[in-house]
Amino acid sequence: MKIAITISRILLGLIYLASSLAFFFNLMPAPEMEGAVGQFMIGVSASGYMLQVVKIFELVCAIALISGRFVPLAAVVIFPITLNVFLFHAFLVPAGLPVAIFLLAANLFVAYANRGKYQPLVMAR
């Protein structure tokens, strides 16, 4: 079980690391976006800061996941981004759904493996 947790954690971190580095260093050309996807990306880009903030969070969480430090925190912080990636592909670009499903499953698995660390947060006082 420990090996599966480590593999999931590192793969999740590597995917987010690659994604954030590709964004910051323009390693991949932006694909042509039309229709609802284009409108969504125009809206996100129009904010002027949203993509940069998301990619910074991805980078910091990726480093935490890969290094094995602050893993419970990284799993919680990256979850809204993972959920948005999943929903984006589920509703707008189904071609990317397999990777999005893996990201969601790996994020949930890593969070579940660290569930004991979250108990103090949800205890009634």
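In which loop does Asn26 lie? Asn26 is found in the loop between helix 1 (2-24) and helix 2 (35-46).

The model is predicted: local features need pLDDT of at least 70, side-chain atom pairs count only at pLDDT 80 or more, and totals for chains, interfaces and linings use all residues. Residues are numbered from 1 along each chain as its sequence is written, and side-chain values use heavy atoms, with hydrogens and water left out.

**View 1. Packing of helix 3 and helix 4.** Helix 3 (residues 50-67) packs against helix 4 (residues 71-91) at an angle of about 150 degrees, and their axes are 9 Å apart. Helices are DSSP runs (H or I, at least four residues), numbered from the N terminus; axes are lines fitted to C-alpha atoms over the stretch in contact, with angles from 0 to 180 degrees between N-to-C directions. The two helices are therefore roughly antiparallel to each other (an angle over 145 degrees).

**View 2. Contact between helix 3 and helix 4.** Helix 3 contributes Val54, Phe57, Glu58, Cys61, Ala64 and Leu65, and helix 4 contributes Val71, Ala74, Val77, Ile78 and Ile81 (contact means heavy atoms within 4.5 Å).

**View 3. Asn26, a residue with positive phi.** Asn26 is not a glycine, yet its phi is about 50 degrees. Asn26 is exposed, with a relative accessible area of 66% (exposed means over 50% relative accessible area, with a 1.4 Å probe and protein chains only).

**View 4. Phe70, in the loop between helix 3 and helix 4.** Phe70, a residue other than glycine, has a positive phi near 60 degrees. Phe70 is exposed, with a relative accessible area of 58%.

How values were computed. Angles under 35 degrees count as roughly parallel, over 145 as roughly antiparallel, 65 to 115 as roughly perpendicular and the rest as oblique. Buried means under 20% relative accessible area, exposed over 50%, partly exposed in between (1.4 Å probe, protein chains only).
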